[in-house]
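Thanks for coming. I have one structure to go through today, so let me put it on the screen.

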Amino acid sequence: MISIKQKTYPFLAAAVFLAGLLCLPAGIRSQELLSDVRIWGNFELEARYYFQDSLIGAPEVPEKILMNGFANVNISYSGFTVGFRYESYQNALLGYDPRYRGNGIPYRFASYTQDNLEITLGNFYEQFGSGLVFRSYEERALGVDNAMDGLRLVYRPMDGVTLRGVIGQQRLFFDTGPGIVRGLDARVGLHSVFPSLANQTGRLTIGGSVVSKFQRDMNPLFNLPENVAAFAGRLNYTRGALNLSAEYAHKINDPSAENNFIYKDGHALHIVTSYAVRGFGMLLSAKRIDNMGFRSDRNATGNDLNINFLPPTTRQHAYSLSSMYPYATQPNGELGFMAELTFSIPRETILGGSYGTTVTMNYSLANSIHRDRIHDTIPIGQRGTEGYRSRFFRMGDEKYFEDFNVEISRRISRGLRGLFSYAYIAYNQNVIEGYVDKEMIFAHILIADMTWRLPERRSLRWELQHLSTRQDKQNWAMAMIEYSIAPNWFFSISDQYNYGNNDPDLRNHYYTLGAAYARAGNRFALSYGRQRQGVICVGGVCRQVPASNGFTLHVTSSF
Amino acid sequence: MKQTITQLIPVFGLLVTLFAGPAFSQEGRGLPELTISGLDGKEVNTSTIDNQGKPFVISFWATWCRPCIQELNAIDEIYDQWQEHGFKLIAISTDDARTRHNVLPMVKGRGWEYAFYLDENGDFRRAMGVHLIPHTFILNGSGEVVYQHTAFSEGMEWVMFDFLMELLE
């Protein structure tokens, strides 16, 4: 078990003591000063009691009960803020990395803001541009947290100009990674800086970043670069309803476990354009990624120690069956496109109905990039070489993911609202989940989600979903009923049924019963049921979830 | 002994902090000073968000969050009544680099008329103690948080409306 680390404790002691002293004169002399002291934070506990369930492949859990919990506590006074997060894993819930183990304070910081200068010591999250060269963030649902531990400066010397500087190491569970990450970023809103542009209808913002990492080379086979830099330039142009964003990133060669130790530079290009007026919105995006994995430990894999973030250009589905096959960005190479159209059909028209209708259509495709041998005798991706050559605009032969979906949402009557959705998804298991001999999955998903408003602020919502595919586990059906009493109570019952499984013994029901109570900033939820094996993704980052069966208690609180 | 004293320092600090009497939680507090951006890319200081002396609502949401969209849809249907009384909804998108570009086409396409901002790095979300979304705060005319709620179900838009009316009185 891990206790509060020696290096954390003095920092925490100083921070809390300082916060206390800040309040002392206030407490003794002046109630007015007290009003400037602010304490806030949040808390979460998720505990699950596990039953072995051989029918769905849920393993026996020796501890019976597993729990993840954390609390953030922050104190601020007159531009000065200190805070920490206490985390507890007793032991980590199934599906979370078991290296989350025990208790500790892996996140603590002190920051000060004065005259447009913000200084942070300790842990912080930051992002440059869209994150192609730098993004430190947390996604608790996935157990991803690559918070920096070091120093951050943010300075806004004039309106429209932001300069950022970061240096530190990244969080790796209850420790930090071996590499040091340094970065600078500048963002300039030309519209604000140059008065002559103030009257122009277009607004142009430009930005540039440089990030480098240092890690000692201990490799006996290769001469590896100890310092690896990545550069990015970006622009955003807005004129009326039109918006254009583009970012290009280049990374110096960075042999790593992720790219099989090839000495090839990395590139990433992400372009998004949108046109939006009231009642109509359209978005087109294109992305090309080539060898852009960038971590502060060249031997890291999985979700560990990522310095950058490569956003997938696919839709993030919100329903259980449509999100059964989620896409994750392929940092070693990917060409992707997405188009999305959202429009409203006005009320009191034939198609719009009495209350109006909203339609969303989305198409996305992710494909391999073109790759050629660098020499006739060297296989593509050969360790210790430049790996391959790639033509920038040429698409590769392998499809990774394709998704076409339509969603229609309308109020059918005063008390009834409906959402209907269809999705076609093609999913390359071998690439996305790392298998070698699995077939491509082609799935069709239909969803109906109806909400019936009842008197006294009660409502009944039910979902019907169906997924049909000849691959993987074949067909699924899902039904859910949720009864809620606003603003406090929720009750739900649901079942996912793998009725089409080719193996009759695996035609399992995944039923769940749940109740939740939400009041002010607190929420308590208790549920019992089966969790199917699968992949959970947020923001294109995923984790595998094993099958399980049991009771779950989930408590969240903000204060 | 020295170690014991060192360990007691933060406990003492915390006790002093508690007994000095700063108000806990978001309730009764104004908004923190942080930078977020508008949908046009212009940076905005969160402490300047107000509603000219009238109560208002801040809702944290995301384009991929189904209950958040239900909430914004439900309020949209009665937003005329909100506006008649001078109430306003400020929607803070927590979308990250993957989905933040979808925010503008989605809100325009759906015809929502709220004030929208992007909190891509999550600074505002963390400073408000938001973990799950939708997470909604109601602020009085002085810009102080007086109520907060996590989750949405049909009818919550009227609960909020009633609360705003009480504040008006």
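Where in chain A does Arg457(A) lie? Arg457(A) is in the loop between β23 (441-454) and β24 (458-468) of chain A. Before I go on, please keep in mind that this is a predicted model.

Is Ala151(B) buried or exposed? Ala151(B) is buried, because 23 other C-beta atoms lie within 10 Å, and 20 or more are enough for that class.

Staying with the backbone, there are two cis peptide bonds to show. One runs from Ala486(A) to Pro487(A), with omega near 0°. Pro487(A) sits in the loop between β25 (476-485) and β26 (489-497) of chain A. The other joins Ile133(B) and Pro134(B), with omega about 5°. On chain B, Pro134(B) belongs to the loop between α5 (123-127) and β6 (135-139).

Now chain A as a whole. Its secondary structure amounts to 4 helices and 31 strands. The radius of gyration of chain A is 26 Å, close to the 24 Å that the globule rule gives for 559 residues, so chain A is as compact as a globular protein of that length. Along the principal axes, the C-alpha atoms of chain A fill a box of roughly 80 × 65 × 60 Å. Of the 559 residues in chain A, 42% are buried. If we take the contacts in chain A between residues at least 6 apart in sequence, 57% of them join residues at least 24 apart.

Strand β13 (residues 180-189) of chain A pairs with strand β14 (residues 202-214) of chain A in the antiparallel sense, over 10 bridges. Which residue in β14(A) is the bridge partner of Val188(A)? That is Ile206(A). β14(A) also pairs with strand β15 (residues 227-239) of chain A, again antiparallel, and here there are 13 bridges. In that pairing, Val211(A) stands opposite Ala230(A) in β15(A).

Over to chain B. Here we have 6 helices and 7 strands, and along the sequence they follow the pattern α-β-β-β-α-α-β-α-β-α-β-β-α. Chain B has 169 residues, of which 51% count as buried. For contacts in chain B with a separation of 6 or more, residues 24 or more positions apart account for 71%.

Last, the nonpolar cores. Which residues touch the most other members of the largest nonpolar core? They are Val57(B), Trp61(B) and Ile90(B), in a core of 47 residues. Leaving out residues up to four places away in sequence, Val57(B) touches Leu89(B), Ile90(B), Thr136(B), Phe137(B), Ile138(B) and Met160(B). Apart from that core lies another, of 34 residues, including Ala110(A), Met148(A), Met292(A) and Leu310(A).

That is what I have; I will take questions now.

Key. Residues are numbered from 1 along each chain as its sequence is written. Chains are lettered from A and ligands numbered from 1 in the order in which they are written. This is a predicted model: local features need pLDDT of at least 70, side-chain atom pairs count only at pLDDT 80 or more; totals for chains, interfaces and linings use all residues. Two strands pair if DSSP finds at least two bridges between them. Helices (H or I, at least four residues) and strands (E, at least two) are DSSP runs, numbered from the N terminus. A nonpolar core is a set of buried Ala, Val, Leu, Ile, Met, Phe, Trp, Tyr and Cys residues joined through C-beta atoms within 7 Å. A residue is buried if 20 or more other C-beta atoms lie within 10 Å of its own, exposed if 12 or fewer, and partly exposed in between; C-beta atoms are placed from the backbone. Two residues are in contact if their C-beta atoms, placed from the backbone, lie within 7 Å. The radius of gyration is taken over C-alpha atoms; the globule rule is 2.2 Å times the number of residues to the power 0.38.
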